[in-house]
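Here is a protein to get to know from the inside out.

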Amino acid sequence: MEKRISLSELAAVNYLDPTCARFFVENKDFLSLEYKGEVYHNIKLHRAMPFKLPDDYISVQDMDSKELFLIRSLYEFSEEQALLMSWHLKKRYHTPKIIRLNNIKEKLGYLYFDITTEVGPKSFALRDATHNIRRIDDGKRIIIVDVDGNRYEIPDVSRMSSKDFRHIEPYLL
């Protein structure tokens, strides 16, 4: 018979104690963690609430996306440690702002976007607009997630040109 896990064991959150943790970079770009004498290599940080609380409730995960620890807040760490974690989070959650929607075409269940962002022109595909075009905050801000998981942001839909708004309007709920 299989060992049963209680609900309290299953729901237990393993918070990281900032006084016992040291994040560091290995091999030029891989984030690792030394915690209470144990080293965790090639970890990744994942925001639990990326839009509402981007610096709080950050999951520390192994490369298989298994949660190792939960960070309550980056503000509990030294400035140096918080900057290191912020840099990795910024890289992971890079979200270019959309300046112009040049064109959106629908074909075989996908939307194909041709846009101009603050970092230059981009083209990408999107599947299932209802789940991948998200209105957040007060509904003015829009996050678009493409088929590869890349994020793009329209900071304020009410400030878009009428031409750009006509392109996106049919897909806004």
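Is Tyr-57 buried, partly exposed or exposed? Tyr-57 counts as partly exposed, because its relative accessibility is 32%. Its place is in strand β5. Together with Met-49 and Leu-53, Tyr-57 makes a nonpolar surface patch of about 230 Å².

Before going further, keep in mind that this is a predicted model. The mean pLDDT of the protein is 91, with 95% of its residues at 70 or more. Where pLDDT is low, the predicted coordinates should not be read in detail.

Now for the inside. In soluble globular proteins, nonpolar side chains tend to be buried together. Here the largest nonpolar core has 20 residues, and Leu-16, Phe-23 and Leu-33 have the most contacts inside it. At least two residues of this core come from each of β1 (21–26), β2 (30–35), β5 (56–61), β6 (67–73) and α2 (79–92). There is also a second, separate core of 19 residues, and Leu-101, Leu-111, Phe-124 and Ile-168 are among them.

Setting aside neighbours within four places in sequence, Leu-16 is in contact with Ala-21, Phe-23, Leu-33, Tyr-35, Phe-69, Leu-70, Ile-71 and Phe-77.

**A loop with two positive phi angles**

Next, find the loop between β1 and β2, which holds Asn-27 and Lys-28. Asn-27 is not a glycine, yet it has a positive phi of about 50°. Lys-28 is not a glycine either, and its phi is positive too, at about 75°. Asn-27 counts as exposed at 65% relative accessibility, and Lys-28 is exposed with a relative accessible area of 81%.

**Salt bridges**

Side chains of opposite charge can pair when their charged atoms come close. How many salt bridges does a search of the whole structure find? It finds five, including the ones in this table.

| Pair | Closest N to O distance |
|---|---|
| Lys-91 and Asp-29 | 2.7 Å |
| Arg-141 and Glu-153 | 3.0 Å |

Take Lys-91 and Asp-29, which form a salt bridge. Lys-91 is in helix α2 and Asp-29 is in the loop between β1 and β2, so the pair ties together parts that are 62 residues apart in sequence. Both ends are partly exposed: Lys-91 at 38% relative accessibility and Asp-29 at 35%.

Glu-153 is buried, with a relative accessible area of 8%, while Lys-97 counts as partly exposed at 33%.

Glu-153 also forms a salt bridge with Arg-141. Arg-141 lies in strand β11 (residues 141–145) and Glu-153 in strand β12, so this pair ties together parts that are 12 residues apart in sequence. Arg-141 counts as partly exposed, at 21% relative accessibility. Through shared partners, salt bridges join Lys-97, Arg-141 and Glu-153 into one network.

**One more stop**

Finally, look at Lys-105 in strand β7 (residues 98–107). Lys-105 is exposed, with a relative accessible area of 53%. Leaving aside neighbours within four places in sequence, it is in contact with Tyr-110, Leu-111 and Tyr-112.

Note on methods: Residues numbered from 1 in each chain as written. Predicted model: local features only at pLDDT ≥ 70, side-chain atom pairs only at ≥ 80, totals over all residues. Heavy atoms only, no water. Core = buried A, V, L, I, M, F, W, Y, C linked by side-chain atoms within 4.5 Å. Buried < 20%, exposed > 50% of the residue type's maximum accessible area, 1.4 Å probe, protein only. Helix = DSSP H or I, 4+ residues; strand = E, 2+ residues; numbered from the N terminus. Contact = heavy atoms within 4.5 Å. Patch = residues over 30% accessible without salt bridge, like charges linked within 9 Å, V, L, I, M, F, W, Y side chains within 5 Å. Areas by Shrake-Rupley, 256 points an atom, 1.4 Å probe, with all protein chains shown as cover. Salt bridge = Lys/Arg side-chain N within 4 Å of Asp/Glu carboxyl O. pLDDT = per-residue confidence, 0-100.
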